[in-house]
Amino acid sequence: MDLDPNRLLIDADELQRHIDELGAIGQDPRTGGLWRGVYTPVWRQAVDQVRRWLEEAGLSTRLDAVGNLWGRLEGSEPGPAVLTGSHVDTVPQGGKYDGALGIHASLAAVKALQQAFGQPRRSLEILVICDEEGGRFRSDFWGARAVIGAIRPGEAEERRDLEGVTIAEAMRQAGFDPARIPEARRDDVAAWLELHIEQGGTLEAEGLDIGVVHTITGHRQQRVRVYGRQDHAGTTPMDIRRDAMAGAAEMIQHALGVAERMGRPTVATVGRVDAEPGATNVVPGLVSFTLDLRDADAARLAVLCGEIDRFNTECAARRGLRVERELFMDRMPVPLTPALQDLLAQQATRAGLRWKSMPSMAGHDSEIMVERWPSGMLFVPSHDGRSHTPAEFTPIEQVVPGVRVLAAALYQLAYSPAGSPG
Ligand code: GLV
Ligand code: MN
Ligand code: MN
């Protein structure tokens with residue numbers, strides 16, 4: 001049996017209500033920005049809210065060993081499950097669509113399918129991933145890596161937040177046992193589908209409804225620490241200083257300049273700078289800054305990273321400084337599963353939508369999932385291309401078509417006898 005995506009009943013009012021209700025959890029009333037760092041009380045509040053919605057929809061729920069939330073609709077046939085979902089954490093001062101919309105869309109899609117067709121053949125599960133942004137621990141897709149079994153032993157003790165709390169400590173405070181992390185691994189998965197906002201302006205500018213993602217960008221994230229000599233800001237002449245800030249400023253300007261000269265789609269971002277001891281009248285002895293470097297082409301990413309590393313070493317030597325790099329993430333561009341790209345494209349076409357195949361310049365849990373099983377991803381437009389800001393917005397009329405495509409693809413995978421995710 002085939003399904004016409006436009007005949008599915010999607011409850012747009014409920015979708016909007018869920019967007020707004022979850023979007024109020026962790027919201028800073030001064031700025032409207034959200035901050036739901038993993039294992040914090042507001043993060044837990046958000047997970048518990050979603051859990052209530054999943055249970056109201058008749059799904060059986062559980063939290064896994066790292067705090068991913070699962071909602072399962074049992075299939076009539078044994079075998080691996082079809083997964084859909086996204087992440088519940090946010091960046092600091094983030095918006096209410098990044099990650100969250102994929103959760104709302106998955107629930108709306110599963111509800112519509114359940115209402116129209118009842119029990120699926122294959123079990124269908126909604127996965128609410130605990131930590132994708134790495135905003136608290138720079139934790140490199142912690143939730144998804146737990147699901148594919150890719151967290152290294154000891155990693156929970158190594159990574160720390162800015163207060164020095166390790167992931168292991170934060171897990172214990174939130175009621176999870178780090179010794180049990182390996183139990184979060186799943187092996188019985190047939191496919192993963194994720195709906196997300198584009199987070200850039202391409203779809204809106206081109207008047208398109210849907211993006212079908214073919215590749216997720218390569219990205220490297222690191223902290224650079226520049227060590228100099230702490231001195232008096234008045235009595236130390238400029239020509240004898242070993243000023244960590246002078247070196248860091250030069251390195252930052254150079255890194256941004258390399259990406260600017262390389263042109264689109266290469267990007268470099270310095271999102272955080274810290275100076276120690278951090279006083280107006282003290283030449284800093286240590287400046288650290290983060291670097292986020294991306295390109296969807298592996299060769300270009302290597303040029304970008306190589307040029308920046310080379311310059312930073314040279315700059316430190318010239319100024320009598322010492323430079324250290326701490327790598328949080330180093331990922332090559334990742335292609336998503338061709339058969340699922342085709343499936344999403346077919347459903348978008350069937351729904352009469354305007355779509356295109358495109359790369360993602362944002363990182364996503366799908367790039368982790370595809371290491372273990374077929375994975376596909378679709379985008380809906382982001383107004384003005386804004387994301388990682390409270391200004392994130394997608395009108396509900398642009399969300400619903402994405403939910404239809406997601407639901408129709410899930411139907412093929414979980415309900416249709418032919419459903420084979422390739
Ligand atoms: C995740 O949102 C990322 O691309 O940084
Ligand atoms: Mn994000
Ligand atoms: Mn996201």
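Author: The C-alpha centres of domain 1 and domain 2 lie 33 Å apart. Domain 1 covers 5–216 + 333–414 and domain 2 covers 218–331, with bounds from an automatic or database domain assignment. This is a predicted model, where local features need pLDDT of at least 70, side-chain atom pairs count only at pLDDT 80 or more, and totals for chains, interfaces and linings use all residues. Residues are numbered from 1 along each chain as its sequence is written, and side-chain values use heavy atoms, without hydrogens and water.

Reader: How much area is buried between domain 1 and domain 2?

Author: About 1,200 Å², with 58% of that from carbon and sulfur atoms. Buried area is the accessible area (1.4 Å probe) that two parts lose on being put together, summed over both. Arg 138, Pro 333 and Met 361 supply 49% of what domain 1 buries against domain 2, more than any other three residues.

Reader: And how many salt bridges between domain 1 and domain 2?

Author: Two. The term means a side-chain nitrogen of Lys or Arg within 4 Å of a carboxyl oxygen of Asp or Glu.

Reader: New topic. Where does Ser 139 lie?

Author: In the loop between strand E4 (124–129) and helix H4 (142–148); helices (H or I, at least four residues) and strands (E, at least two) are DSSP runs, numbered from the N terminus.

Reader: Is Ser 139 buried or exposed?

Author: Ser 139 is buried, because its relative accessible area is 0%, and buried means under 20%, exposed over 50%, partly exposed in between (1.4 Å probe, protein chains only).

Technical notes: Chains are lettered from A and ligands numbered from 1 in the order in which they are written.
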